[in-house]
Amino acid sequence: MFLDKSARIVCLIAVWAFAACSTGENSGDTAQDTATTAAMDTATVSATTTSTTDSKVLGGLPPTSEVPAMLQLSGADFNPSLVNSAGKATGYTTTTDKAALNLGVYATDIGYLSVYDKTQDVITYLKSAEKLANHLGLNNTFGTEMQQRFQRNLNNKDSLVKIVDESMNYVNSLLKEGNRDATAALIVTGSFIEGLHVSTGLVEKYPKNVPSDVRNQTLTQLIVSITRQEQSLDDLINILQEVKSDPQAAAYLTQMQDLKKQFEALNLDEQIRNNRGDLMINDKTLTGISAKVKQIRSRIVG
Amino acid sequence: MNEQVLRAIIHLLAISVTIDGVAQEERDTIRKFLYENVDDDSVAKYLRLFDEYVRNSTAHPDDPREIEYICAQINTELEMQQKVIILLRLIELGLADNNFSSAEETFLWQVCEELHIGKSTYASIRHFVETRDIYSVPSDNILIIDSHEPTEGFTRNYIQKPKIRSTLGVLRLPEVDMYLVGAAYPAIDVYLNGHRLKSHYVAPLTSGSVIRASGETVFYSDIIGHFLKSERKQRITFEARNINYFFPNGKQALHNINIAEEAGTLVAIMGSSGSGKSTLLNVLNGNLEPQTGKVLVNGLDIYHQRDQVSGVIGYIPQANFLIEELTVYENFYYTAKLCFANLSDFGVDRLVVQTLRSLGLYEVKDLKVGTPLEKTISGGQRKRVNIGLELLRQPSVMFVDEPTSGLSSRDSENIMDLLRELTMMGKLIFVVIHQPSSDLFKMFDKLLVLDTGGYPVYYGNPVEAVVYFKTLVNQVDRDMSACIECGNINPEQVFNIIESHVVDEYGRVTGERRVSPQRWYAFFREHIKIPKLDPAREKPVHTLDIPSRFSQFMLFSSRDFLAKLSNRPYMVINLVQAPLLAFILAYIVRFYHVDELTGRSEYIFAENVNIPAFIFMSIIVSLFMGLTISAEEIIKDAKTLKREAFLNLSRTSYLFSKMLILFCFSAFQSFLYVLIGNWIVGIQGLNLTYWLVLFTCSCFANMLGLNISATFNSVITIYILIPVLLIPQLILGGVVIKFDEMNPMMSRQGEVPILGDIMASRWGFEALLVSQFKDNAFEKQFYNLDKQVANADYKKTYYLPTLSSKLEYCSDVEAAADQKAYPKYAENLLLLRNELTKEMKSNPALGKVPLGNLNIERFDRSTARRVKEYLDSARAWYVRQYNLAYEAKDQITASLVSTEAGKQDFLARRANFHNDAVERLATNSTAEHRIIEYRNHLMQKIYPVYNDAPNLGGVAEFRTHFYSPGKPFLGMRVSTLAFNVIVIWLMSAVLYATLYYEVFKNTVSGNFLRRK
C-alpha cells in the first residue's frame, strides 16, 4: 500500500511533467517552469515528509497536514471561503460529539492555513481549537504551551506543520489512554471530512479564467488527491466500526458508508487499469462525492 | 407679641377704660404699656387704635361675650406670666384715676376668670399696687428693700441697702411663680435693668434682673434667696481632705488642698494661669483620682464608692459640649430623656420648656446649635445651653469651669445670677472664675485662691480676702476692702499683691516674684483655719432616673440618626458614595471584544476578563466605605461622652446604637452598590450573595473604624490610618499577590498563610469568587458532575502517574546495588506510603497494599509488583469514573440543546451567567504546577474549587487551600460562603470586644507618656 501510494504520485507527476514539457510554449512559460520546479521541490519534500510522518499514523490515517500539503502541491491557490469560521467555536462547546468533530475540522483547517503560510489566521484558529480541546478535557493539548511553541516557529513552515501533527497525535493518544475511543474516532472523522471538503471545494470553485492547460493540470492533481483519499476512508470506516456502540459514531459510520458508495461509483481502479485515468476524470464526475461531502460537513459544522 | 393678641389687649384696656370714662392718667398708663411691648414707631398707631376702640366700644360690663372672645384669643397665645402682666396693667389702669368702681372690679374679676388667674393672685397684686405704704401690707410674700436697720422684732423679709434713697417692695406670687417690684414715692435714682423705675410703677422682676439704686446693687437671686430659704430640703456636705495630686510626669499639681462646704453655698476658685484650677476641679468632680487624700460627699468617698454618689455631682466644662446638628430644644430633649426615664413625653417637654425659659433660651429653641464657625445662636446662648444641659438634672453639687469667659458683662451677670439662684435652692456650686467684676465677686459666699504650682493661699470670705493680703504685706490702707464711694471691690488687688514682682534698681519690673507661692502657702497654713464641718449622714439623693439599657439604646440611636439627618453634606456624601463608586468601577471594568472581522461588538459577560478584579475591588470599596463612615464617629461624640460620663450611662447601649446606625448605612450602601455595579457589569442572579458579603465586609470595616475612632484624639491621625489599614487588605487578600507566590517563609503549601487569614478581604473574596463560579445559574446544574470529572481527571492524569513514576524509581533503586547512594529513595517510599494510606482510606473498594513494606528495610520486588497492580487498577477505576461522569454531563447537555431554540438558550445562558476569567481562577487552569510534592505528601494544585479538603474533624481543619468549595469544621462540612461570612462576623465581634474594653486605646496611651 505504501509503495502504491508513492508510486502513484511519482507516476502522475511524471505524466504531468511530461505533458507540461510537451505543450508548454506559452506566455505562462516561466510561471509554469517555476511552478514545476517548485512542485518538484515540494514533491520531494512532501515525499520525505510523508515517509517520516507516516510512522505516526493517526489511528491508521495519515497525519492531519497531509491532505492540505497535497492540495498545495497541486498548484491550487488558497481559497479562504473553504475553511470553517473560527468564531463558531463557542457554539461547538456543547456536547462531546460536536466538540470532537469540529476539533478535527479545525485541525485540518489549521494544516491548510499553515501550508499556505497564513500564520496570523493560524493563531486565531489555534485559539478556537484550544476552546474545543479544553471542552473535551484535554487541557494541555492546544493550550498556551503549544501556542507559544507555535509562535517560536512562525518562520518555519515545516516546523509549524509538524507541531500541528504532533498535537493531534497527542490528543489521540490521550483519548485512547482514557478509554475514549469514540471521541477520538469522531475527531478523526471531522478531520477527514474537512480535508475532503476543501479538496472538492477547490475543484468546484476553481476559477474558469485560468488558461486551460494550467487548469487541467491543477484540476487533475486535485482530483487525484481526492481519489487518493478513498484509502483513508476505508481506514476511517474500520475505526468507526470498532466504536459503533457509541450512537454518534454509529450515525457517522452510516454516513461514511454512503460516501464510500459514491467513491465506488467512480470505478477508479478499473479506469486506471484501463489507463484512461487522466481522461475520464474531470470535475463533473465528482458531483456525487461533492454533494455527499457537503451534506456530511454541514451536519458537522452546523 | 402677636399683632392679634396686642389688639385684643388694647381692646380689653379700652373696655376697661370706658367703664368710667377716659382720663389722662389712664392714657399715660396705656402709653407706658405700649412702649413696653411694641417698637416706638408703632406706639402712635396703637394709641390711635385704642382711641378708636374706646369710641366704638359698646360693651357693657354685664355683657360677657365680647370679653370672653378677647380673652380666648389671649389664652391661645400667651403664657400665664404674660397674662398676669396684662392683669397688672388693667389693675393699674383701673387705679390710675384713683377711682376704683365696683363695675371695674366686676370687670376685672371676669377677666381673671377668663384668663384662669386665681383670685388670691388678683388680690395680692391689687393690694400691692394700691398701697402707699408697703410696710402696712402684712404678707410673707412681700420683701422690702430699704436703707435703715431693721428694728427689733422685725421678722419680715427685708434687705438692707444703706445707701438706697427709696423704699422698694417686691411681691411674690407663688401660684404663678412670679415676682413684681415697685418703688415707693418718691422713686429716686432707682434703675431696673438699666431702665428708670418710676414711682408707683410696678414692673415684673425676672430671672437675672438687677436693681441698681444709688450705688447699691440688688440681684434677683438675692431677692428670691429670702423667699426660698425655708424651702431647702436636703442637706449636702462636701469635703476635700489633704488632696495631693501629681501629674503623670511626676510634677505635683496640688498641694494639700482642704475644703469643707455645705449646700447653699457658692464658692469661687480663683488663681493665676497654671495654678491648677482646672485640675482641682477635675479632682473634686471625680475625673482625676488624687494620689493622696479623699473627696467626700456626705461622708462617702466619691472615688471608692462611686455608685452611691452617682448622679449627685455635675460638671460644666469650659468648652461647650453640645450636639451641633440638633436644635437647642432637641439637645435638651434628649438629655432630659436620658436623665428621667420616669417622665412621660409630655413631662419631658414641660421640663425642657421650663428650663429653656429660665435660661432665656425659649425664643431660640428651634435653632440649630451650630458650631462657632457656623453661627446660629450667639456665644452667650451657647454657654447657657451648655449650662442648661447640666442643670436639667439638678445635681446637688456642681462644678463650673469659667462660665463667664467670652461673655459680655450683661450675659455674665445673667449666668452668675442663675448659679446663685441655684444655690438659693439648696445646691453647692464651685465656680472657677477669672477676672470677675466687682458685682460678681460680691455674689460669692466663699473664695479659694490658688497660687502657681497648686498651693492654696486663701480660703474664706471673698470680701475679706483683700484685707487679708493687704495685712500680710503691711499695706497702708489695709483696712479698706472696698471703695468708700462706689462700693466696688477690686479683686485684681488680690492678685496684684500675690503676684507682685521685684522692682530692680532702675525701677523696672523684673520677672521675679516678691513673695513665692510657697511662702504664701506657709502664711496660709499659719493663719487660715479650715472650718470644721459636721458631715451629713443621709445618703445623697438625686433626681436621676436613668432609663433601662434598651431605652438608652433607642434614645442614642434616634438622637444620632436625627443629628445625621440634619447634616445634609454628610447624608449626601454617604448615600451618593456607593452608587457613584459602583458606576465608575463597573463602567471601567466592562470589557468586551470589538471583533474586527465581523465588526460585531457586543458585551458578553463570559468573556469579560476583569470580573475577578471587579469582585476584589468591590470588597476593597466596601471596606473603604465602611471605614470612612465610621472613622469619625466616636471622636465626634467625644465631648458629649465626657459630659454624659457623669450620668453613668451604659457604654454598651451607646456602642450598640452606633453600630445600629452604621450597619444601617452599610446595608443601604451595599444595596445601592450591588444594584448598580452588578447591573452594569452583568452579574446576574447572585445579587443577594454579593450584598451579603459586601455588607459583612462593610460592617467589619465599621467596627474597625469605631476602634480607631475611640483610640485617637486627632481626626487627622484617624484619616491617615485608613489607607494604612486598607493596604494589608489589598496585599493579603489573595488576588494582587497569589498566596502560592508569596514568600514561602510565610506559609505552608496547601494552606492560606495566617497573615492572609486575618484579612477580611481574603475571606470575602474567596466567598464571592467561589459562589460566582459554582452557584451561578448556568454552572449550578453541572457543578457536581464537573466536580467528579475534575477529581477523576486529577487522579488519573497527575496523581497516579506521579505515584507510578515514584514507584518505578524505587523499583530501580531496589534492584541496584548500593541503595544508600540514592537519597531520595527513603523519601519516595515515605511519600508512597503516605499517599497510599490516604487513597486506601478514601477508596476502600480499590483494594489493599502492604503499607508496612513501604520502607527501606522491607521494600522488595513483590511489594513493588503489588503496588503497581494497585496503581494500575486504581487508574483504570478513575478512568471509568471520569468517563461515567463525563457522559452523564454530556447527556444533560444533549437534552438541553436538542432543539435549536434550546441550543441558543444554552449558549446564551453560558454567555450571561458563566465567566471564563472566574473559571480560570477557580480551577487554576493556567497554573504551571498542577501537583506538587511537599514534605512527603502530594498536594493538588489544580481544580481547587472542586477539591474538597479531607474532613478529619478537629477545629483548625478549616485552614484549607484558597478557593475551596467548603470548609470542614468539627466534622461537618460548611459551604465556603456561609463559613467565610461567619468568620468575618466573628472578627467583627472580636473588634466589638476590643472597642468595649478600649484595648487599643490603652495600648497606645500606655506606650508613651501623655502630658495633660
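Reply: The pLDDT is the predictor's confidence in each residue, on a scale from 0 to 100. This is a predicted model, in which local features need a pLDDT of at least 70 and side-chain atom pairs count only at 80 or more, while totals for chains, interfaces and linings use all residues. Residues are numbered from 1 along each chain as its sequence is written, and chains are lettered from A and ligands numbered from 1 in the order in which they are written. Helices (H or I, at least four residues) and strands (E, at least two) are DSSP runs numbered from the N terminus.

Chain A has an average pLDDT of 76, and 74% of its residues score at least 70. Within chain A, confidence is highest in helix α5 (residues 96-115), with a mean of 91, and lowest in helix α2 (residues 29-53), with a mean of 36. The pLDDT is below 50 over residues 17-58 of chain A, a stretch with 32 contacts in the model beyond near neighbours in sequence. Here two residues are in contact if their C-beta atoms, placed from the backbone, lie within 7 Å.

The sheet itself belongs to chain B: it is open, has 6 strands in the order β15-β16-β17-β12-β18-β19, and shows mixed pairing. Strands β15 (313-316) and β19 (455-460) of chain B are at the edges with a single partner strand each, so one side of each has no neighbour in the sheet. From one strand to the next the twist averages 15°. Two strands pair if DSSP finds at least two bridges between them. β15(B) runs parallel to strand β16 (residues 397-401) of chain B, to which 4 bridges join it; Gly314(B) has Met398(B) in β16(B) as its bridge partner.

At the other end of the strand order, helix α17 (residues 517-527) of chain B lies across β18 (446-451) and β19 of chain B, at about 40° to β19(B). For such angles, axes are lines fitted to C-alpha atoms, for helices over the stretch in contact, and values run from 0 to 180 degrees between N-to-C directions.

Chain B also contains an antiparallel pair, in which strand β22 (residues 931-934) and strand β23 (residues 937-940) are linked over 4 bridges. Ile932(B) has Met939(B) in β23(B) as its bridge partner. The hairpin of β22(B) and β23(B) has 2 residues between the strands, and Arg935(B) takes a positive phi near 50° there.
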